[in-house]
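Please look at how the two chains below meet. The briefing after the structure covers their contact, topic by topic.

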Amino acid sequence: MYNSDKVIVGIIIFILFFAMPFWLNFGKAKALPKPELPSDTKECVESREYMRAFHMKMLLDWRDKKVREGQVYYINSQGKFFKMSLQNTCMKCHKSMEKFCDRCHTTISAHPDCWRCHIAPEEVKKWQ
Amino acid sequence: MNVFFSFIITLILVLIPVVGVGLLGLDPLFGIVIPYVAFLIFFFGLIYRIIDWARSPQPFKIPTTCGQQKSLPWIKHSRLESPFTMKEVYLRMFFEVFLFRSLFRNLRADLVGKRLIYGSAKWLWLGAILFHLSFLVIMLRHLRFFIHPVPSLVDIIAKVDGFFQLGIPPIYHTDLFILAGLFLLLLRRLVDSKVNYLSHASDYFPLFLILGIVISGILMRTIFKVDVQAVKELAYGLATFSPVLPSHKIGVLFYIHLFLVSVLAAYFPFSKLVHMVGVFFSPTRNLPNNNRAERYINPWDYPVKYTTYCEWQERFRDVMEEAGIPIDDEWCKETAEAQKQA
(Lines give C-alpha, C1' and ligand atoms only; values in the text may rest on other atoms or scores of the structure.)
Protein backbone atom coordinates (compact mmCIF):
# COMPACT_ATOMS: atom_id res chain seq x y z
CA MET A 1 0.00 0.00 0.00
CA TYR A 2 1.38 3.38 -0.99
CA ASN A 3 1.22 6.37 1.38
CA SER A 4 -0.06 4.01 4.04
CA ASP A 5 0.31 6.56 6.84
CA LYS A 6 -2.10 8.97 5.18
CA VAL A 7 -4.44 6.25 3.98
CA ILE A 8 -4.75 4.74 7.46
CA VAL A 9 -5.52 8.15 8.95
CA GLY A 10 -8.17 8.53 6.23
CA ILE A 11 -9.72 5.15 7.00
CA ILE A 12 -9.82 6.00 10.72
CA ILE A 13 -11.55 9.33 10.03
CA PHE A 14 -14.01 7.56 7.71
CA ILE A 15 -14.86 4.97 10.36
CA LEU A 16 -15.10 7.54 13.15
CA PHE A 17 -17.45 9.71 11.12
CA PHE A 18 -19.82 7.06 9.86
CA ALA A 19 -19.82 5.02 13.07
CA MET A 20 -20.64 8.07 15.15
CA PRO A 21 -23.91 6.62 16.52
CA PHE A 22 -22.05 3.53 17.71
CA TRP A 23 -19.20 5.08 19.63
CA LEU A 24 -21.17 8.04 20.97
CA ASN A 25 -23.59 5.57 22.58
CA PHE A 26 -20.91 3.13 23.65
CA GLY A 27 -21.31 1.97 27.24
CA LYS A 28 -24.26 4.27 27.79
CA ALA A 29 -27.03 2.06 26.48
CA LYS A 30 -30.13 2.43 28.58
CA ALA A 31 -33.87 2.24 28.16
CA LEU A 32 -35.49 5.24 26.56
CA PRO A 33 -37.78 7.19 28.91
CA LYS A 34 -41.49 6.49 28.60
CA PRO A 35 -44.25 9.04 29.18
CA GLU A 36 -46.29 8.69 32.34
CA LEU A 37 -49.83 7.78 31.36
CA PRO A 38 -52.78 8.96 33.47
CA SER A 39 -53.93 6.34 35.96
CA ASP A 40 -57.56 7.36 36.29
CA THR A 41 -58.58 7.26 32.61
CA LYS A 42 -57.92 4.65 30.00
CA GLU A 43 -59.23 6.37 26.90
CA CYS A 44 -57.84 9.36 25.12
CA VAL A 45 -59.61 11.47 22.53
CA GLU A 46 -58.81 8.93 19.84
CA SER A 47 -57.22 5.47 19.94
CA ARG A 48 -53.86 5.17 21.63
CA GLU A 49 -52.05 4.23 18.40
CA TYR A 50 -53.52 7.27 16.64
CA MET A 51 -52.58 9.59 19.48
CA ARG A 52 -49.01 8.27 19.67
CA ALA A 53 -48.28 8.98 16.04
CA PHE A 54 -50.66 11.76 15.07
CA HIS A 55 -51.41 13.89 18.17
CA MET A 56 -49.59 16.81 16.58
CA LYS A 57 -51.83 16.61 13.56
CA MET A 58 -54.88 16.70 15.80
CA LEU A 59 -53.58 19.62 17.85
CA LEU A 60 -52.85 21.58 14.69
CA ASP A 61 -56.29 20.76 13.39
CA TRP A 62 -57.82 21.90 16.69
CA ARG A 63 -55.93 25.14 16.52
CA ASP A 64 -57.20 25.90 13.04
CA LYS A 65 -60.78 24.94 13.87
CA LYS A 66 -60.95 26.80 17.13
CA VAL A 67 -58.86 29.88 16.52
CA ARG A 68 -59.62 30.44 12.87
CA GLU A 69 -63.08 28.95 12.40
CA GLY A 70 -64.53 29.46 15.86
CA GLN A 71 -65.64 25.86 16.41
CA VAL A 72 -65.64 24.66 20.00
CA TYR A 73 -66.20 20.90 20.00
CA TYR A 74 -64.37 18.02 18.38
CA ILE A 75 -66.33 14.87 17.61
CA ASN A 76 -64.15 11.76 17.75
CA SER A 77 -64.53 8.57 15.75
CA GLN A 78 -66.87 7.16 18.41
CA GLY A 79 -69.12 10.19 18.28
CA LYS A 80 -67.97 11.61 21.62
CA PHE A 81 -67.70 15.35 22.08
CA PHE A 82 -64.50 16.98 23.31
CA LYS A 83 -63.83 20.62 23.90
CA MET A 84 -60.89 21.56 21.71
CA SER A 85 -58.41 22.82 24.27
CA LEU A 86 -54.84 21.84 25.05
CA GLN A 87 -54.87 23.23 28.54
CA ASN A 88 -58.38 22.20 29.55
CA THR A 89 -58.92 18.92 27.70
CA CYS A 90 -55.51 17.31 27.17
CA MET A 91 -53.87 18.44 30.36
CA LYS A 92 -56.92 17.53 32.42
CA CYS A 93 -55.80 13.89 32.30
CA HIS A 94 -52.15 14.35 31.40
CA LYS A 95 -51.43 16.39 34.47
CA SER A 96 -47.79 17.12 33.83
CA MET A 97 -45.88 18.55 30.91
CA GLU A 98 -42.55 17.30 32.19
CA LYS A 99 -43.68 13.76 32.87
CA PHE A 100 -45.82 13.40 29.77
CA CYS A 101 -44.97 15.69 26.85
CA ASP A 102 -41.31 16.27 27.48
CA ARG A 103 -40.39 12.61 28.03
CA CYS A 104 -40.66 11.81 24.33
CA HIS A 105 -40.07 15.28 22.98
CA THR A 106 -36.69 15.53 24.69
CA THR A 107 -35.77 11.99 23.68
CA ILE A 108 -36.31 12.68 19.98
CA SER A 109 -35.39 16.34 20.22
CA ALA A 110 -38.73 17.63 18.98
CA HIS A 111 -39.39 21.05 20.37
CA PRO A 112 -42.86 22.25 19.50
CA ASP A 113 -43.56 25.75 20.75
CA CYS A 114 -46.92 25.01 22.44
CA TRP A 115 -45.79 26.30 25.79
CA ARG A 116 -44.67 29.68 24.62
CA CYS A 117 -48.29 30.78 24.77
CA HIS A 118 -50.06 27.97 26.60
CA ILE A 119 -49.43 27.53 30.28
CA ALA A 120 -48.24 24.13 31.44
CA PRO A 121 -49.83 22.63 34.59
CA GLU A 122 -46.50 22.96 36.40
CA GLU A 123 -46.48 26.65 35.66
CA VAL A 124 -50.02 27.03 36.90
CA LYS A 125 -49.14 25.44 40.23
CA LYS A 126 -46.23 27.80 40.67
CA TRP A 127 -48.49 30.82 40.49
CA GLN A 128 -51.32 29.53 42.69
CA MET B 1 -34.24 5.50 -22.06
CA ASN B 2 -31.61 5.66 -19.32
CA VAL B 3 -33.83 8.02 -17.39
CA PHE B 4 -36.87 5.79 -17.51
CA PHE B 5 -34.87 2.70 -16.65
CA SER B 6 -33.47 4.33 -13.49
CA PHE B 7 -36.84 5.79 -12.62
CA ILE B 8 -38.55 2.42 -12.89
CA ILE B 9 -35.84 0.73 -10.82
CA THR B 10 -36.35 3.36 -8.13
CA LEU B 11 -40.12 2.81 -8.24
CA ILE B 12 -39.60 -0.94 -7.83
CA LEU B 13 -37.33 -0.25 -4.86
CA VAL B 14 -40.09 1.87 -3.33
CA LEU B 15 -42.60 -0.92 -3.85
CA ILE B 16 -40.45 -3.61 -2.20
CA PRO B 17 -40.96 -2.36 1.38
CA VAL B 18 -44.60 -1.52 0.59
CA VAL B 19 -45.17 -5.18 -0.19
CA GLY B 20 -42.70 -6.50 2.37
CA VAL B 21 -43.89 -4.52 5.35
CA GLY B 22 -47.35 -3.37 4.32
CA LEU B 23 -48.64 -6.69 3.04
CA LEU B 24 -46.35 -9.41 4.39
CA GLY B 25 -45.45 -7.77 7.71
CA LEU B 26 -41.72 -8.48 7.46
CA ASP B 27 -40.81 -5.69 9.89
CA PRO B 28 -37.74 -7.43 11.38
CA LEU B 29 -36.28 -8.00 7.91
CA PHE B 30 -36.74 -4.41 6.75
CA GLY B 31 -36.14 -2.79 10.12
CA ILE B 32 -33.12 -4.72 11.38
CA VAL B 33 -31.57 -7.23 8.98
CA ILE B 34 -31.46 -5.16 5.79
CA PRO B 35 -30.12 -1.98 7.47
CA TYR B 36 -27.35 -3.94 9.22
CA VAL B 37 -26.38 -5.82 6.06
CA ALA B 38 -26.43 -2.60 4.02
CA PHE B 39 -24.30 -0.82 6.60
CA LEU B 40 -21.77 -3.67 6.63
CA ILE B 41 -21.56 -3.60 2.83
CA PHE B 42 -21.10 0.17 2.93
CA PHE B 43 -18.32 -0.04 5.51
CA PHE B 44 -16.31 -2.96 4.24
CA GLY B 45 -16.98 -2.11 0.61
CA LEU B 46 -15.60 1.38 1.03
CA ILE B 47 -12.60 0.22 3.07
CA TYR B 48 -11.91 -2.34 0.34
CA ARG B 49 -12.10 0.40 -2.29
CA ILE B 50 -9.76 2.62 -0.25
CA ILE B 51 -7.17 -0.13 0.16
CA ASP B 52 -7.52 -1.21 -3.45
CA TRP B 53 -6.81 2.32 -4.63
CA ALA B 54 -4.01 2.79 -2.14
CA ARG B 55 -2.32 -0.35 -3.50
CA SER B 56 -2.41 0.90 -7.09
CA PRO B 57 0.93 2.43 -8.04
CA GLN B 58 0.98 5.97 -9.34
CA PRO B 59 3.53 5.96 -12.16
CA PHE B 60 3.82 9.68 -12.79
CA LYS B 61 3.31 12.91 -11.00
CA ILE B 62 0.42 14.40 -12.96
CA PRO B 63 -1.19 17.30 -11.12
CA THR B 64 -3.48 19.36 -13.31
CA THR B 65 -2.57 22.98 -12.93
CA CYS B 66 -4.12 26.19 -14.04
CA GLY B 67 -1.80 28.77 -12.57
CA GLN B 68 1.79 29.92 -12.59
CA GLN B 69 4.07 27.20 -11.28
CA LYS B 70 6.87 27.97 -8.86
CA SER B 71 9.94 28.99 -10.80
CA LEU B 72 12.23 31.96 -10.31
CA PRO B 73 11.99 33.73 -6.96
CA TRP B 74 10.65 37.01 -8.32
CA ILE B 75 7.82 35.36 -10.25
CA LYS B 76 4.73 35.02 -8.09
CA HIS B 77 3.44 31.49 -8.20
CA SER B 78 -0.12 30.35 -7.73
CA ARG B 79 -0.21 28.35 -4.51
CA LEU B 80 -3.60 26.75 -4.99
CA GLU B 81 -3.64 26.30 -8.74
CA SER B 82 -0.14 24.94 -8.94
CA PRO B 83 0.89 23.76 -5.49
CA PHE B 84 4.59 23.24 -4.90
CA THR B 85 4.72 21.91 -1.35
CA MET B 86 2.54 19.33 0.40
CA LYS B 87 1.10 22.10 2.56
CA GLU B 88 -0.21 23.81 -0.55
CA VAL B 89 -1.56 20.47 -1.75
CA TYR B 90 -3.45 20.05 1.51
CA LEU B 91 -4.94 23.52 1.09
CA ARG B 92 -5.91 22.74 -2.47
CA MET B 93 -7.53 19.48 -1.40
CA PHE B 94 -9.38 21.20 1.43
CA PHE B 95 -10.99 23.69 -0.94
CA GLU B 96 -11.66 20.93 -3.43
CA VAL B 97 -13.39 18.69 -0.90
CA PHE B 98 -15.39 21.32 0.95
CA LEU B 99 -16.05 23.97 -1.69
CA PHE B 100 -15.74 22.06 -4.99
CA ARG B 101 -13.35 24.59 -6.46
CA SER B 102 -12.85 22.72 -9.70
CA LEU B 103 -16.59 22.64 -10.41
CA PHE B 104 -16.56 26.41 -10.12
CA ARG B 105 -14.53 26.45 -13.31
CA ASN B 106 -17.13 24.47 -15.19
CA LEU B 107 -17.58 25.81 -18.72
CA ARG B 108 -20.32 25.59 -21.28
CA ALA B 109 -19.56 25.36 -24.96
CA ASP B 110 -22.11 26.54 -27.50
CA LEU B 111 -22.08 26.82 -31.24
CA VAL B 112 -23.30 30.22 -32.34
CA GLY B 113 -23.55 29.96 -36.08
CA LYS B 114 -20.14 28.59 -36.95
CA ARG B 115 -18.37 29.95 -33.93
CA LEU B 116 -17.70 27.86 -30.83
CA ILE B 117 -18.20 30.03 -27.78
CA TYR B 118 -17.20 29.16 -24.26
CA GLY B 119 -18.87 30.67 -21.25
CA SER B 120 -19.01 30.27 -17.51
CA ALA B 121 -21.57 27.79 -16.14
CA LYS B 122 -21.90 27.80 -12.38
CA TRP B 123 -25.04 25.64 -12.25
CA LEU B 124 -23.15 22.44 -11.72
CA TRP B 125 -21.23 23.96 -8.84
CA LEU B 126 -24.36 25.46 -7.31
CA GLY B 127 -26.32 22.21 -7.54
CA ALA B 128 -23.41 20.18 -6.19
CA ILE B 129 -22.69 22.41 -3.23
CA LEU B 130 -26.38 22.75 -2.33
CA PHE B 131 -26.81 19.01 -2.49
CA HIS B 132 -23.64 17.89 -0.69
CA LEU B 133 -23.62 20.35 2.18
CA SER B 134 -27.35 19.86 2.80
CA PHE B 135 -26.82 16.11 2.81
CA LEU B 136 -24.09 16.53 5.44
CA VAL B 137 -26.32 18.67 7.68
CA ILE B 138 -29.24 16.28 7.23
CA MET B 139 -27.06 13.33 8.22
CA LEU B 140 -25.88 15.14 11.34
CA ARG B 141 -29.47 16.05 12.20
CA HIS B 142 -30.46 12.40 11.98
CA LEU B 143 -28.15 11.62 14.90
CA ARG B 144 -31.08 12.64 17.12
CA PHE B 145 -32.60 9.25 16.36
CA PHE B 146 -29.45 7.27 17.07
CA ILE B 147 -28.03 8.85 20.18
CA HIS B 148 -29.55 9.16 23.62
CA PRO B 149 -29.47 11.71 25.17
CA VAL B 150 -29.40 13.87 22.05
CA PRO B 151 -26.11 15.83 21.90
CA SER B 152 -26.65 19.56 22.22
CA LEU B 153 -24.76 20.17 18.97
CA VAL B 154 -27.36 18.16 17.05
CA ASP B 155 -30.08 20.21 18.71
CA ILE B 156 -28.36 23.44 17.76
CA ILE B 157 -27.95 22.32 14.15
CA ALA B 158 -31.66 21.49 13.96
CA LYS B 159 -32.58 24.81 15.53
CA VAL B 160 -30.44 26.82 13.11
CA ASP B 161 -31.71 24.72 10.23
CA GLY B 162 -35.30 25.60 11.10
CA PHE B 163 -34.46 29.17 11.99
CA PHE B 164 -37.33 30.89 10.18
CA GLN B 165 -39.92 28.61 11.79
CA LEU B 166 -42.05 28.29 8.71
CA GLY B 167 -44.91 25.97 9.56
CA ILE B 168 -45.27 23.45 12.33
CA PRO B 169 -43.02 21.53 12.54
CA PRO B 170 -40.61 24.11 11.12
CA ILE B 171 -39.41 23.43 7.59
CA TYR B 172 -35.69 22.75 7.53
CA HIS B 173 -33.85 24.93 5.04
CA THR B 174 -31.55 22.07 4.11
CA ASP B 175 -34.62 20.06 3.03
CA LEU B 176 -35.41 22.77 0.50
CA PHE B 177 -31.77 23.22 -0.50
CA ILE B 178 -31.21 19.52 -1.11
CA LEU B 179 -34.33 19.34 -3.27
CA ALA B 180 -33.17 22.38 -5.23
CA GLY B 181 -29.69 20.88 -5.62
CA LEU B 182 -30.97 17.49 -6.72
CA PHE B 183 -33.36 19.00 -9.26
CA LEU B 184 -30.57 21.21 -10.62
CA LEU B 185 -28.30 18.20 -11.04
CA LEU B 186 -31.10 16.19 -12.63
CA LEU B 187 -32.25 18.99 -14.95
CA ARG B 188 -28.69 19.57 -16.04
CA ARG B 189 -28.55 16.02 -17.33
CA LEU B 190 -32.01 16.22 -18.91
CA VAL B 191 -31.90 19.68 -20.48
CA ASP B 192 -28.32 20.10 -21.69
CA SER B 193 -28.11 17.86 -24.76
CA LYS B 194 -24.33 17.48 -24.47
CA VAL B 195 -24.50 16.27 -20.88
CA ASN B 196 -27.58 14.24 -21.68
CA TYR B 197 -25.64 12.43 -24.42
CA LEU B 198 -23.09 11.10 -21.96
CA SER B 199 -25.46 10.33 -19.08
CA HIS B 200 -26.00 6.69 -18.27
CA ALA B 201 -28.53 4.93 -16.10
CA SER B 202 -25.88 4.82 -13.39
CA ASP B 203 -25.88 8.65 -13.43
CA TYR B 204 -29.64 8.99 -13.07
CA PHE B 205 -30.21 6.18 -10.62
CA PRO B 206 -28.40 7.74 -7.61
CA LEU B 207 -30.23 11.01 -8.26
CA PHE B 208 -33.63 9.30 -8.29
CA LEU B 209 -32.70 7.16 -5.31
CA ILE B 210 -31.64 10.14 -3.21
CA LEU B 211 -34.67 12.10 -4.40
CA GLY B 212 -36.79 9.19 -3.17
CA ILE B 213 -35.06 9.29 0.20
CA VAL B 214 -35.45 13.05 0.52
CA ILE B 215 -39.08 13.13 -0.57
CA SER B 216 -40.08 10.23 1.69
CA GLY B 217 -38.32 11.93 4.58
CA ILE B 218 -39.97 15.28 3.98
CA LEU B 219 -43.39 13.66 3.60
CA MET B 220 -42.85 11.78 6.83
CA ARG B 221 -42.03 14.99 8.66
CA THR B 222 -44.67 17.28 7.23
CA ILE B 223 -47.66 15.38 5.90
CA PHE B 224 -47.93 11.68 6.74
CA LYS B 225 -46.62 11.50 10.26
CA VAL B 226 -45.12 8.36 11.74
CA ASP B 227 -44.62 7.39 15.36
CA VAL B 228 -41.28 9.11 15.91
CA GLN B 229 -40.77 7.67 19.38
CA ALA B 230 -41.02 4.19 17.88
CA VAL B 231 -38.55 5.24 15.17
CA LYS B 232 -36.13 6.29 17.87
CA GLU B 233 -36.57 2.97 19.69
CA LEU B 234 -35.66 1.13 16.50
CA ALA B 235 -32.75 3.39 15.52
CA TYR B 236 -31.35 3.49 19.05
CA GLY B 237 -31.57 -0.29 19.24
CA LEU B 238 -29.61 -0.55 16.00
CA ALA B 239 -26.97 1.88 17.22
CA THR B 240 -26.45 0.11 20.55
CA PHE B 241 -26.27 -3.35 18.94
CA SER B 242 -29.35 -4.48 20.82
CA PRO B 243 -31.87 -4.29 18.01
CA VAL B 244 -35.50 -4.51 19.02
CA LEU B 245 -38.61 -3.95 17.04
CA PRO B 246 -40.43 -1.02 18.61
CA SER B 247 -43.45 -1.84 20.72
CA HIS B 248 -45.65 0.14 18.33
CA LYS B 249 -45.89 -0.31 14.60
CA ILE B 250 -44.27 2.34 12.46
CA GLY B 251 -45.91 3.49 9.22
CA VAL B 252 -44.87 1.97 5.88
CA LEU B 253 -43.51 5.33 4.73
CA PHE B 254 -40.75 4.99 7.31
CA TYR B 255 -39.80 1.58 5.95
CA ILE B 256 -39.68 3.00 2.41
CA HIS B 257 -37.30 5.69 3.68
CA LEU B 258 -35.16 3.18 5.57
CA PHE B 259 -35.07 0.71 2.68
CA LEU B 260 -34.00 3.36 0.17
CA VAL B 261 -31.27 4.50 2.56
CA SER B 262 -30.12 0.89 2.93
CA VAL B 263 -30.04 0.51 -0.84
CA LEU B 264 -28.03 3.72 -1.12
CA ALA B 265 -25.54 2.51 1.48
CA ALA B 266 -25.14 -0.90 -0.14
CA TYR B 267 -24.91 0.59 -3.64
CA PHE B 268 -22.39 3.21 -2.57
CA PRO B 269 -19.08 1.27 -2.80
CA PHE B 270 -19.85 -0.10 -6.27
CA SER B 271 -21.04 3.03 -8.02
CA LYS B 272 -19.96 6.48 -9.06
CA LEU B 273 -20.80 7.54 -5.52
CA VAL B 274 -17.36 6.37 -4.36
CA HIS B 275 -16.12 9.72 -5.57
CA MET B 276 -16.43 10.46 -1.87
CA VAL B 277 -13.26 8.37 -1.48
CA GLY B 278 -11.95 8.86 -4.99
CA VAL B 279 -11.51 12.61 -4.62
CA PHE B 280 -8.73 11.93 -2.14
CA PHE B 281 -7.05 9.53 -4.55
CA SER B 282 -7.11 11.82 -7.58
CA PRO B 283 -3.50 12.08 -8.75
CA THR B 284 -4.40 15.23 -10.63
CA ARG B 285 -5.28 16.90 -7.32
CA ASN B 286 -3.27 15.29 -4.57
CA LEU B 287 0.24 15.71 -5.94
CA PRO B 288 2.43 18.81 -5.84
CA ASN B 289 3.62 20.30 -9.11
CA ASN B 290 7.33 20.03 -8.33
CA ASN B 291 8.50 17.63 -11.01
CA ARG B 292 11.59 19.68 -11.75
CA ALA B 293 12.65 20.18 -8.15
CA GLU B 294 12.12 16.66 -6.87
CA ARG B 295 12.50 13.50 -8.85
CA TYR B 296 9.46 11.26 -8.72
CA ILE B 297 10.37 7.59 -8.88
CA ASN B 298 7.87 5.34 -10.58
CA PRO B 299 6.97 2.52 -8.20
CA TRP B 300 6.78 0.22 -11.19
CA ASP B 301 10.50 0.63 -11.76
CA TYR B 302 12.43 -2.56 -11.16
CA PRO B 303 16.19 -3.25 -11.40
CA VAL B 304 16.83 -3.59 -15.13
CA LYS B 305 19.28 -6.28 -16.27
CA TYR B 306 21.85 -4.73 -18.57
CA THR B 307 25.29 -5.53 -19.95
CA THR B 308 28.11 -3.01 -19.64
CA TYR B 309 30.59 -2.46 -22.42
CA CYS B 310 33.33 -4.16 -20.40
CA GLU B 311 31.23 -7.27 -19.80
CA TRP B 312 30.39 -7.35 -23.50
CA GLN B 313 34.04 -6.91 -24.41
CA GLU B 314 35.00 -9.79 -22.09
CA ARG B 315 32.44 -12.04 -23.71
CA PHE B 316 33.51 -11.39 -27.28
CA ARG B 317 37.23 -10.83 -26.63
CA ASP B 318 38.39 -13.67 -28.90
CA VAL B 319 36.26 -12.67 -31.81
CA MET B 320 37.23 -9.03 -31.41
CA GLU B 321 40.94 -9.80 -31.31
CA GLU B 322 40.64 -11.96 -34.39
CA ALA B 323 38.84 -9.20 -36.26
CA GLY B 324 41.38 -6.61 -35.12
CA ILE B 325 38.98 -4.51 -33.04
CA PRO B 326 40.89 -2.65 -30.31
CA ILE B 327 40.43 -3.93 -26.76
CA ASP B 328 40.08 -1.21 -24.10
CA ASP B 329 41.31 -2.87 -20.90
CA GLU B 330 42.61 0.31 -19.25
CA TRP B 331 39.31 2.12 -19.44
CA CYS B 332 37.49 -0.89 -18.00
CA LYS B 333 39.93 -1.02 -15.07
CA GLU B 334 39.45 2.68 -14.41
CA THR B 335 35.66 2.52 -14.41
CA ALA B 336 35.69 -0.56 -12.18
CA GLU B 337 37.89 1.25 -9.65
CA ALA B 338 35.79 4.37 -9.85
CA GLN B 339 32.69 2.31 -9.16
CA LYS B 340 34.39 0.61 -6.20
CA GLN B 341 35.29 3.96 -4.70
CA ALA B 342 31.77 5.24 -5.21
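**Where chain B meets chain A**

Between chain B and chain A, the count is one salt bridge. The model is a predicted one. The contact draws on 43 residues of chain B and 37 residues of chain A.

**The salt bridge**
- Asp227(B) and Arg52(A) form a salt bridge through their side chains, at 2.7 Å from N to O.

**Buried area**
- About 3800 Å² is buried between chain B and chain A.
- Carbon and sulfur atoms give 70% of that area.
- On the side of chain B, His148(B), Lys225(B) and Gln229(B) supply 16% of the area this chain buries against chain A, more than any other three residues.

**How the two helices are placed**
- The crossing of H1(A) and H2(B) is right-handed.

**Residues where the helices touch**
- From H1(A), the residues in this contact are Val7(A), Ile11(A), Phe14(A), Ile15(A) and Phe18(A).
- From H2(B), they meet Phe39(B), Phe42(B), Phe43(B), Leu46(B), Ile47(B), Ile50(B), Ile51(B) and Ala54(B).
- Sorted by class, the contact of H1(A) with H2(B) has 13 nonpolar residues, no polar residues and no charged residues.

Notes
Residues are numbered from 1 along each chain as its sequence is written. Chains are lettered from A and ligands numbered from 1 in the order in which they are written. This is a predicted model: local features need pLDDT of at least 70, side-chain atom pairs count only at pLDDT 80 or more; totals for chains, interfaces and linings use all residues. Side-chain values use heavy atoms; hydrogens and water are left out. A crossing is left-handed if the near helix is turned anticlockwise from the far one by less than a right angle, and right-handed if clockwise. Helices (H or I, at least four residues) and strands (E, at least two) are DSSP runs, numbered from the N terminus. Contact means heavy atoms within 4.5 Å. Ala, Val, Leu, Ile, Met, Phe, Trp, Tyr, Cys and Pro count as nonpolar, Asp, Glu, Lys and Arg as charged, and the others, Gly among them, as polar. Buried area is the accessible area (1.4 Å probe) that two parts lose on being put together, summed over both. A salt bridge is a side-chain nitrogen of Lys or Arg within 4 Å of a carboxyl oxygen of Asp or Glu.
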